[in-house]
Amino acid sequence: MERSIEEVLPIYYKYLFPFDIYWKWLSYGSDEYISKREFCFCLRDDIYLRYNSFSTLAELESEIQRKNPVKIDIGAVFSHKPKDHKTLSAGAFVAKEKELVFDIDMTDYDDVRNCCQGAAICLNCWPVMRMATTILDSCLRRDFGFRHLLWVYSGRRGVHCWVADSSARKLSATARGAIVDYLSLIRGNATQQSKKVNIDYMHPSIREACEVIKTDWTTYCTENQKLMDDDHLNKVIDLIIEPKVKDYIVKFLTTGNNIPETAEEKWNVIETAVKKLSTEPKSGYNLEEIMLHFCYPRLDVNVSTSIHHLLKSPFCVHPKTGRICVPFDPQACHEFDPEKVPSVSELCNELDSFELNRGDKRPSTVKWYKKTRLAKSIKVFESFLGALYSDLNEEKRSISERKVEW
């Protein structure tokens, strides 16, 4: 039975929300650090409560259980406790740190997906989220040396990435902007231009992205998005640079006695023609540009560059779908199915079922959230925390040793 979000939120926050490890993450080993972190609560009827902050885990847990927010957003770490911001003089309340975050939303692919539009998603368009996750995760680790990346399903139509390294949290807005610019290939929007990727030089990072896309391209192009169907074929043909190559492809695919019958055969015609008939230097990477146009990560620039921007918290409930914003393993993102992410109502039903069917009636020592489908996501989160704290402890030892030497 699917119960309303408002009905089950008190149960979720009392028994299932992982407050202990959640606090451990955002405190980074320091209660003083997290006491200056902003939490924003969204209540029913879109009532937003900004600048909440907490000095202890007990305070955070008590307030969330008291208010039962339908959504929780995480903000920056400030110079002072956010709850005291109205008592400070002008200019004293300053955002100091925040994770480097990325928001990839399926609506930004509306001009290149044919199965859904707007907030809707399905398994035919979701592969672009998997490709985006793989590309971005690899690039952030390889090209920038970041180690602690938490990937989270947004609960509806996208994914979020939290880069938790100390160096990432201290980045200036200018540095964040430079990273986003490095990662951005898609230029313009659906109303400005049709061709959004132009490559003059095949940077190693772009080459790696192309290799990721090529793995899924044929299936995504021909089956998932049916780009070779008559209704959608022009979306691909319009991206071909040289008019003579474009004319040849159109003629081959529409006239004569040897018109390809299958979608894969049609793509092979396009691929072969671009490779063999293109003569202009600007056409050198035309095939790669087509693939990148449809599948390369499309980032929300403001989310990543502004330290003041709020982002939906892991483990909170999406107010529209009721689904939990669960962490997932980027190395296993091909196994992640957004349609199988549990809703808060389903989790509470699982909890009821577990207790009803448990033979041993003695108090259980197992964490409540590990008795539900949330357990798999908790394991991913705990693995992320283990690696993060290993580095945090090493940093502390290094600082301590330097002080002794001094």
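Which residues of α12 are buried? In this predicted model, local features need pLDDT of at least 70, side-chain atom pairs count only at pLDDT 80 or more, and totals for chains, interfaces and linings use all residues. Residues are numbered from 1 along each chain as its sequence is written, and side-chain values use heavy atoms, without hydrogens and water.

Buried residues in α12 are Asn286, Leu287, Glu288, Glu289, Ile290, Met291, Leu292, His293, Phe294 and Cys295. Buried means under 20% relative accessible area, exposed over 50%, and partly exposed in between (1.4 Å probe, protein chains only). Helix α12 spans residues 286-295; helices are DSSP runs (H or I, at least four residues), numbered from the N terminus. Its buried residues pack against α5 (127-144), α8 (204-224), α9 (233-237) and α11 (263-277), where contact means heavy atoms within 4.5 Å.

Tryptophan 217 in α8 and tryptophan 267 in α11 are 50 residues apart. Tryptophan 217 is buried, at 2% relative accessible area. Tryptophan 267 has 3% relative accessibility and so is buried too.

Two lysines contrast in exposure. Lysine 14 sits in helix α1 (residues 5-16). Lysine 14 counts as exposed because its relative accessibility is 53%. Lysine 196 lies in the loop between α7 (173-183) and α8. Its relative accessibility is 2%, so lysine 196 counts as buried.

Lysine side chains also lie over rings. A charge sits over a ring if NZ of Lys or CZ of Arg is within 6 Å of the ring centre and within 35 degrees of the ring normal. Lysine 24 lies over the face of tyrosine 389, 4.8 Å from the ring centre. Lysine 371 lies over the face of tryptophan 368, at 3.9 Å.
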